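Here is a short report on how one protein chain is put together. It takes the sheets in turn, then the helix pairs.

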Amino acid sequence: ASPAGPVPTSGAPTTAGSSAAPAQPPAAAPASAPAAVGALIGPDGLPTRFALGINEAVSFPQKKAREARFVGAGLVSHLDGDVDRTIDLGARFVRGNTGAFPRTSWWSSQNEPTSRDDTDTWVRAVQKRGLEPILMVGPWPGNRTANYTEQYVPADMAAYTAWVRTLVERYDGDGVDDMPGLTAGVRYWEVDNEPDLKFTTQPREATREVKPGSFCSPQEAAEVLLATSRAIREAHPDAKVLNGGIYRPFAKNGQDYLRAMFAVPGVAEAVDIVSLHSYASDEPGDQYAEGLAAARVITGGKPIFVTETSVPSEGDRRWMTPEWQARFVALVAARGAAAGARAVLWHTLGDPPARSQGKTGFEQHSLLDQLDSGAFVDKPAAVVYRALAARLAVDDLTGAVEDGEGGVRLTSGATLLYAGSRKAPRGGYDLRGGAAIAPGAQATAPAWLSP
């Protein structure tokens, strides 16, 4: 196998669709991003090979929704820039959210006048360059559900499911009641988000008290999932339905929730792909891998998408550094694939500018940093992500198996080293900058070792 193509140096400013020169060109240079994302999906509607994606890659800060630059042509331009940056990184999947843009919830459709137009704008932006969308749908926005309703299951399920059918019909690509200008149907629909989190914690920025264990039970989540899945398939029989991403698949309460939800009759048949999230930060990722493996057992071996995962580039622990975050890009891909994941989506594309009141929480989890000027800058994580995506355009992580400590072996015989170091008998390349690794040299993670 030949090393992947040019990889920009960490910290190089980028604009839409551009990248900086490589620190040291490797021996061979396949395209840094796939030419045709559509070829990723097989006749069964599932990925033919392991794929990387980015959660909420095509979006904008909701707190700035009324700014002129996020209205009309300004919004289109902003989303197009996100798409270009996403393509430049080599992502294949992008995910839209009910809580963030485009806010595809039943509540938003009734209370936010631009809801349908925003979804149209998002779909047009995503499909322009062939990204594969995963679009979330549900009764309520995001994870703050308890701030919008006192009961998780809609009182008028008939009205809710009729809205779901209309929404899916608009984006199914069958030529009947489609969105004007639709060029490809949306085939992946995820039903709500992190129900186990809603069940166990107060909503963020809570406006009312919710007693943990009293809201969004596994049985209530199952009821909404069953009704939504049925409505999706009535409108688009070939659509693929994902459950709302389980927030803690590596924890007992997350696994118990998933088990109880799948014990409800019909749920296993209603779900085509199991959606999981993981923010476990242990290295070399045992919690993450064990959580995915447990979910596969609970759900009877169904395909898995990790629709959210990441770690911050800095935080309240000394080891939380940009270099540590960069290693995790390779770790979540390698161990995810070995545990059976078909796609892994990083959370998220770009951090806000440093002037944003001091970045905290998920504002440090992105691949790119944004300068006060508006330009985006590669973090080390972006460099690794781009290099790994380039490699996965010519090789495949599907079927990878654990290969000693810190590595997984692909069916091609190559090894993805995600932690530690080891000798590279046949050479390879360093994912942190594209430098070639000489045969017999010691490689340090993250690295790709030739077969």
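Which residue stands opposite V408 in strand 13? E402 does. Strand 12 and strand 13 (residues 407-409) pair in the antiparallel sense over two bridges. Pairing here requires at least two bridges found by DSSP between two strands. Helices (H or I, at least four residues) and strands (E, at least two) are DSSP runs, numbered from the N terminus.

This is a predicted model, in which local features need pLDDT of at least 70, side-chain atom pairs count only at pLDDT 80 or more, and totals for chains, interfaces and linings use all residues. Residues are numbered from 1 along each chain as its sequence is written, and side-chain values use heavy atoms, with hydrogens and water left out.

**Overall make-up**

The protein chain holds eleven helices and 19 strands. Of its 451 residues, 58% count as buried, meaning under 20% relative accessible area with a 1.4 Å probe, protein chains only. Contact means heavy atoms within 4.5 Å. Among contacts with a separation of 6 or more, 69% join residues 24 or more positions apart.

Angles run from 0 to 180 degrees between N-to-C directions, and axes are lines fitted to C-alpha atoms, for helices over the stretch in contact.

Another open sheet has eight strands in the order 6-5-4-3-2-9-8-7, with parallel pairing. Its edge strands are strand 6 (240-245) and strand 7 (274-278), each pairing on one side only. The twist averages 25° from one strand to the next. Strand 8 (residues 304-309) and strand 9 (residues 341-347) pair in the parallel sense over four bridges. T309 stands opposite W346 in strand 9.

Helix 11 packs on this sheet too, touching strand 2 (51-55) and strand 9. Its direction makes about 145° with that of strand 2. Helix 6 (residues 218-235) lies across strand 4 (132-137), strand 5 (188-193) and strand 6. Helix 6 runs at about 155° to strand 6.

**Two helix pairs**

Two packed helices are described by the angle between their axes and the distance between the axes.

| Helix pair | Angle | Axis distance |
|---|---|---|
| Helix 10 (residues 322-338) and helix 11 (residues 380-392) | roughly 25° | within 7 Å |
| Helix 7 (residues 252-262) and helix 9 (residues 286-298) | about 20° | 10 Å |

The angle makes helix 10 roughly parallel to helix 11, a term for angles under 35 degrees. Helix 10 passes helix 11 in a right-handed crossing, with the near helix turned clockwise from the far one by less than a right angle. Residues of helix 10 including P322, V329 and A333 meet residues of helix 11, among them P380, V384 and L388.

Helix 7 and helix 9 are likewise roughly parallel to each other. Helix 7 also passes helix 9 in a right-handed crossing. Q255, L258 and R259 in helix 7 meet G291, A294, A295 and I298 in helix 9.

Conventions:
Angles under 35 degrees count as roughly parallel, over 145 as roughly antiparallel, 65 to 115 as roughly perpendicular and the rest as oblique. Buried means under 20% relative accessible area, exposed over 50%, partly exposed in between (1.4 Å probe, protein chains only).
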